Amino acid sequence: MIKEINESNFEKEVTNAGYVLVDFYATWCGPCKMMSLVIDEIAKDSTVKICKCDVDKAQSIALRYQVSSIPTLILFRNGEDIATSQGYMPKEQLIKFIEDNKK
């Protein structure tokens with residue numbers, strides 16, 4: 001299941017939660033919609049927790065992690081950002097991004 005996060009639940013959902021992939025997106029963003037389909041598909045079998053963060057509703061979080069273009073994906077480990085990717089990527093590339101950075 002993909003969890004929607006915002007300022008009030010970000011710390012709880014990301015800190016001390018092992019690996020968490022956060023998709024920073026906006027509802028009006030075309031590439032974000034395409035990325036969302038890929039994320040929905042991998043969420044079924046993913047070994048990491050997956051969350052989404054609407055940058056229009058959680059601007060302070062986007063600023064904290066210097067999200068300047070969307071979609072931006074940040075992989076966290078126990079609350080620490082360990083890898084970032086910007087722009088659309090196909091399913092295989094997203095799986096590789098996660099697996100390569102979990103080591």
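This is a predicted model: local features need pLDDT of at least 70, side-chain atom pairs count only at pLDDT 80 or more; totals for chains, interfaces and linings use all residues.
Q: What joins strand S4 (residues 72-77) to S5?
A: Six bridges do, and the two strands run antiparallel. Pairing requires at least two bridges found by DSSP between two strands, so the six bridges between S4 and S5 qualify them as a pair. Residues are numbered from 1 along each chain as its sequence is written, and side-chain values use heavy atoms, without hydrogens and water.

Q: What is the order of the strands in the open sheet?
A: The order is S1-S3-S2-S4-S5, with mixed pairing. Strands (E, at least two residues) and helices (H or I, at least four) are DSSP runs, numbered from the N terminus.

Q: What makes S1 (3-5) and S5 (80-86) edge strands?
A: Each pairs on one side only. Neighbouring strands of this sheet are turned by 25° against each other on average, direction ignored.

Q: Which strands does helix H2 (residues 30-43) touch?
A: H2 packs on the sheet and touches S2 (19-25), S3 (49-54) and S4. Contact here means heavy atoms within 4.5 Å. The direction of H2 makes about 160° with that of S3. Such angles run from 0 to 180 degrees between N-to-C directions, with axes fitted to C-alpha atoms, for helices over the stretch in contact.

Q: Why is the pair Glu-13 and Lys-49 called a salt bridge?
A: The rule asks for a side-chain nitrogen of Lys or Arg within 4 Å of a carboxyl oxygen of Asp or Glu. The closest N and O atoms of Glu-13 and Lys-49 are 2.5 Å apart, so the pair qualifies. Glu-13 lies in helix H1 (residues 10-14) and Lys-49 in strand S3, 36 residues apart. Glu-13 also forms a salt bridge with Lys-12, at 3.4 Å. Lys-3, Lys-12, Glu-13 and Lys-49 are linked in a network.

Q: Is Glu-13 buried or exposed?
A: Buried means under 20% relative accessible area, exposed over 50%, partly exposed in between (1.4 Å probe, protein chains only). Glu-13 has 7%, so Glu-13 is buried. Lys-12, at 64%, is exposed. Lys-49, at 29%, is partly exposed.

Q: Where do Asp-100 and Lys-96 lie?
A: Both are in helix H4 (residues 91-101), four residues apart, about one turn of the helix. Asp-100 has 37% relative accessibility, so Asp-100 is partly exposed. Lys-96, at 49%, is also partly exposed.
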